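The entries below follow the order of my look-ups.

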Amino acid sequence: MSSNQQRQLIKKYVDLLLTRWRLITSCLLLGITIGLGYYKTLPKVYQSTALLSFEQQQINPGKMDPEQGRSRLQESLATLRELVTSRNNLEKVILQFSLYEEARKKLPLEDVIEMMRKDITIQPSGKGDIFSVSFQGGDPSKVQKVASGLASLFIEENIIYRERRASEVSEYTQKQLAASKKVLDEKEQQMRDYKLKYFNEMPEQRQGNLTQLQALMRQNQEIQNSIQELERTKVMLQEQANVQRSLAALKDPTAPASSVRIMETDEDRLQRRKAYLDELLGKYTENHPEVRRTKQMIQQLEEKIRKGGPSRQNAASGASRSGQSLTLEGSRIQLQLKQLELNIEQLREEQEKIPAQITQYKKWIEAVPVREAEWAGFTRDYSVQRSNYDQLVAQNLQAQSAESLERDQKGSKFKIVDSARVPEKPFKPNFLRILLASVAASLGLSLGWILLVDFADTSFKNIGELEDYIGVPVICSIPFIEKEAETRRDQIVFRISLGLISGYAVMLLAVIAFMWTKGMIIV
C-alpha cells in the first residue's frame, strides 16, 4: 500500500468519525448514565480494619535468631488464620452479631460460613511484625464490631494455641526423655553385666594379664629348677645313706643299719674311704660334691695317720665313738631326706596349679580382640544414646521454660495497635472503575457499530475506490453542491444536537458532583 493510499485511508476513517460524532457522544453519555445507575443499584460494602503487632518474648530460653523468629511468625500466622476462620469460631461470630440473616434463611450454614471467610482478610502490613484483620459488610457498625471481635479472637486463639503447643511439646519431650533414659539405663546395665562377666578379657586388662602370664612362666621355671636341685640333693643324701649302710654292714652284717657299732682303726677307715671313692669315680666326675667331700675325708685320715693316730688299744673306745657318729649321721640324713621329699611334694603341688593358670591367662589374652570389637559396639551405641539423651534433656528444659513463660503470659503475643473503627464511607463498589468500564464499553460499542455500518455500505467513498473497482482512470469528478435550504437545515440539526448533548452532559456532571459531595460516590 502506497503512502497516498494510507493517507486516504486515514482521512476516510477520520471523516467517518467526524460524521458520526453524534452517535459516539450519545453512546458515551448513555454508557455513563447506565454505569451511574448500575453503581447506584449496587449494595454498598463497608470495611473495617484492626492492626495487630507481634511482640516477641523478652525472655527466650531458645535464643532464636530474628530470621527464625520471622519464620515462626509466618507459621503461627498461617495456623492462627485457620483457627480464627474455623467453622466453630465463625458460627459463634455470626450468631453473636446476627450476620447474613437473609442468606441464612436461603442457604445452609456451611455456605454462609464460606461467604464470611471471603469477607475476612488477614494479611501482613509491610515488612515488620504488623498485620491487619479486616471484615467487610453492608452495615458499618456491625462491620466495626465484627472486625474488633475477630482481632480479639485472634489474640485469644494465639494464647490458647501457644499454651497448648507449649504443653504438648513439654509433654512430648518428657515422654521422649523417659523413653531415652530407659534405653540408656538398659544399655548401661548391659555394659556393666558384660564388663563384670568378661572383666579379665577386657582390653584394659591385657597388659596386666601379660605381666601375670610372664610371672607365672617364670615361677614355673623357678619351681622346676628348685625341684631339680632338690632332686639332686636327695640323690646325694640317698647315696650317703647307702654308704652308711654299706659301712655298717661290713662291721656287723646281722645288725640293723641304725644300731651297728663298728670297731675299726684309722687305717681301716682310710681303706674303706678309698674304696668308696673308687666307687664314686666310676659314677661321677671329679667335680661332684660327694667325690670332693670323700677326697677331703681321705686327706684328713691320711694326715691323722702320719701324725700318729690312736693305738690299737684305744681302738675299742674309738670304734665306739665312730659307731655313735655313724648312727647320728644316718639319722640326720634320714631327716634331711624326709624334709627334701616334703619340700619336693609341696613344690610339685604348687607347680601342678600353674599350667591351669597359664592356660586361663592365655585364653583371656586371646579373647581380647573379640571383647574389644564387642565393647566398641557397646560404646558406639551408648555414645549415640547418650548424645540423644543429652539433647532431649536440653529440649525438655527448654520446653518446660517455654511452658512456664506461656502460663505467665510472658511469651510472644499479639497486641492490638490500631482498633477497628466504624467506616464512614463504603469500601465497595468503586465508582471510578465502573465509570471507566462504562466509557470503554460505550466507545467500543459505538465505534464497532460505525465500522460495521461502513463495512456494510457498498457505495464508493472516493475516486481511488472507483478506479480500483472499474479498472479505468477517472478523468474528473463533480463535487456535491448543497442547496441553501439544505445547508440551513444541517446547521439547525447540528445546533439542536449540540445543545441536547451539551445539556445532557451538564446535567450528568451535576448529578455526579452532587453524589460526590454527599459521599455517595467512592473513587
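This is a predicted model: local features need pLDDT of at least 70, side-chain atom pairs count only at pLDDT 80 or more; totals for chains, interfaces and linings use all residues.

Residues are numbered from 1 along each chain as its sequence is written, and side-chain values use heavy atoms, with hydrogens and water left out.

Entry on the whole chain. I found 15 helices and four strands, taken as DSSP runs numbered from the N terminus (helices H or I, at least four residues; strands E, at least two). Of the 523 residues, 29% count as buried.

Entry on salt bridges. I took a salt bridge as a side-chain nitrogen of Lys or Arg within 4 Å of a carboxyl oxygen of Asp or Glu, and the search of the whole structure returned 15 of them. One of these joins E91 and R87 at 3.9 Å, N to O; the two residues are four apart in helix α4 (residues 87-97), so about one helical turn separates them. E91 is partly exposed, because its relative accessibility is 24%. I also saw that R87 and E91 are linked with E110 in a network of salt bridges.

In helix α8 (residues 206-251) I looked up R232 and E229, which are three residues apart and hence separated by about one helical turn; their closest N and O atoms are 2.3 Å apart. R232 has 45% relative accessibility and counts as partly exposed, and E229, at 42%, counts as partly exposed too.

Entry on helix α12. R386 and D390 both lie in this helix, four residues apart, about one turn, and their salt bridge has its closest N and O atoms 3.7 Å apart. R386 is partly exposed at 35%, and D390 is partly exposed at 39%.

Is R371 buried or exposed? R371, which lies in helix α12 (residues 368-407), has a relative accessible area of 13% and is therefore buried. Its side chain makes a polar contact with the side chain of E201 at 2.5 Å, where a polar contact is a pair of N or O atoms within 3.5 Å and, within protein, one must be able to donate a hydrogen and the other to accept it, residues adjacent in sequence counting only if both atoms are side-chain atoms.

Note on methods. Buried means under 20% relative accessible area, exposed over 50%, partly exposed in between (1.4 Å probe, protein chains only).
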